[in-house]
Amino acid sequence: MDILAVMKKRRSVRKYQDKQIDRADLEKIIEAGLYAPNAGGGQRARIVAVRNKALAEKIGRLNLACFDRSRLAGGHVSSEQPSNIDDPTIKNGFYGAPTVCVIFGPKNFLYSIPDAFCCAENMVLEAANLGIASCIVARGEETFDNEAGRELWKEWEIPDTDTARCFVILGYCDGSYPQIKPRKENRFLMIDEEEE
């Protein structure tokens, strides 16, 4: 499948089957993340892959515990694949996905956040290419800003100079895979060279 077709096919999934993804597929997804564009070629993003449903659930609850509804820019995400914005009864920021990848980056590096999200984008595109559902989730720093989060940080031997930037959740879609949404109009401007 060509890359534009993968981009058009990929959707954010928030309903997952109780079925773990294959380790070999996870390794390909991680490899895609490691080949993401990164500032100055510094390769500073670090990935911790949790292929353990119980631990993914625990981290997902920590992620949602820090969710601040007062900072929302919009009030509705999806009826088909509701987010915790749409449904306050959801108690897991990872929606029951059996695998989660935590993407870390340096705390005090200007391009740490863009690097992490480029890494995440590559990962969800490779997941779509492999037929695996995914979603990028934010609130990285806040998720680990508590005793349980700091214990995981220590166990994983993450340096104090790094911070969690975002997450990629992975699994198999429960129900119908979301359809492509039409693109909004007037979202780009093209300026051509002047013709002589």
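Biologist: On what basis are residues numbered, and what pLDDT do local features need?

Modeller: Residues are numbered from 1 along each chain as its sequence is written, and side-chain values use heavy atoms, with hydrogens and water left out. As this is a predicted model, side-chain atom pairs count only at pLDDT 80 or more, totals for chains, interfaces and linings use all residues, and local features need pLDDT of at least 70.

Biologist: Which residues of helix 6 are buried?

Modeller: Helices (H or I, at least four residues) and strands (E, at least two) are DSSP runs, numbered from the N terminus. Buried means under 20% relative accessible area, exposed over 50%, and partly exposed in between (1.4 Å probe, protein chains only). In helix 6, which spans residues 147-155, the buried residues are Gly149, Leu152 and Trp153.

Biologist: Why do the buried residues of helix 6 line one face of the helix?

Modeller: The arc is that of the directions from the helix axis to the C-beta atoms. Seen down the axis of helix 6, the buried residues line one face because they fall within an arc of 105 degrees.

Biologist: Which exposed residues does the face turned away from the buried side of helix 6 carry?

Modeller: The buried residues of helix 6 pack against helix 3 (53-65), strand 2 (99-106), helix 5 (140-143) and strand 4 (162-171), where contact means heavy atoms within 4.5 Å. The face turned away from that buried side carries the exposed residues Glu147, Lys154 and Glu155.

Biologist: At the start of helix 6, which backbone nitrogen does a side-chain oxygen of Asn146 reach?

Modeller: A polar contact is a pair of N or O atoms within 3.5 Å; within protein, one must be able to donate a hydrogen and the other to accept it, and residues adjacent in sequence count only if both atoms are side-chain atoms. At the start of helix 6, the side-chain oxygen of Asn146 comes to within 3.3 Å of the backbone nitrogen of Ala148.

Biologist: How many salt bridges are counted?

Modeller: Side chains of opposite charge can pair when their charged atoms come close. A salt bridge is a side-chain nitrogen of Lys or Arg within 4 Å of a carboxyl oxygen of Asp or Glu. By this rule, the count is 5.

Biologist: With which residue does Arg61 form a salt bridge?

Modeller: Arg61 is partly exposed, with a relative accessible area of 45%, and Glu57 is also partly exposed, at 25%. The two residues are 4 residues apart in helix 3, so about one helical turn separates them. With the closest N and O atoms 3.1 Å apart, the salt-bridge partner of Arg61 is Glu57.

Biologist: How many residues apart in sequence are the parts tied together by Arg165 and Glu141?

Modeller: Arg165 is buried at 10% relative accessible area, whereas Glu141 is partly exposed at 44%. Arg165 forms a salt bridge with Glu141, the closest N and O atoms being 3.0 Å apart. Since Arg165 lies in strand 4 and Glu141 in helix 5, the pair ties together parts whose separation in sequence is 24 residues.

Biologist: Which residue meets Asp145 in a salt bridge?

Modeller: Asp145 is exposed, with a relative accessible area of 58%. The side chains meet at 3.4 Å, N to O, and the partner is Arg150.

Biologist: Is Asn92 buried or exposed?

Modeller: Asn92 is placed in the loop between helix 3 and strand 2, and the Asn92 side chain reaches the backbone nitrogen of Phe94 at 2.6 Å. Leaving aside neighbours within four places in sequence, Asn92 is in contact with Glu57, Gly60, Arg61 and Leu64. At 8% relative accessibility, Asn92 counts as buried.

Biologist: Which side chain does a polar contact join to that of Thr99?

Modeller: Thr99 lies in strand 2 and is buried, with a relative accessible area of 0%. Leaving aside neighbours within four places in sequence, the contacts of Thr99 include Ile21, Leu26, Val50 and Val168. A polar contact of 2.3 Å joins the side chain of Thr99 to that of Gln20.

Biologist: Which backbone oxygen does the side chain of Tyr16 reach?

Modeller: Tyr16 is found in the loop between helix 1 and helix 2 (23-34). At 9% relative accessibility, Tyr16 counts as buried. At 2.8 Å, the side chain of Tyr16 reaches the backbone oxygen of Val13.
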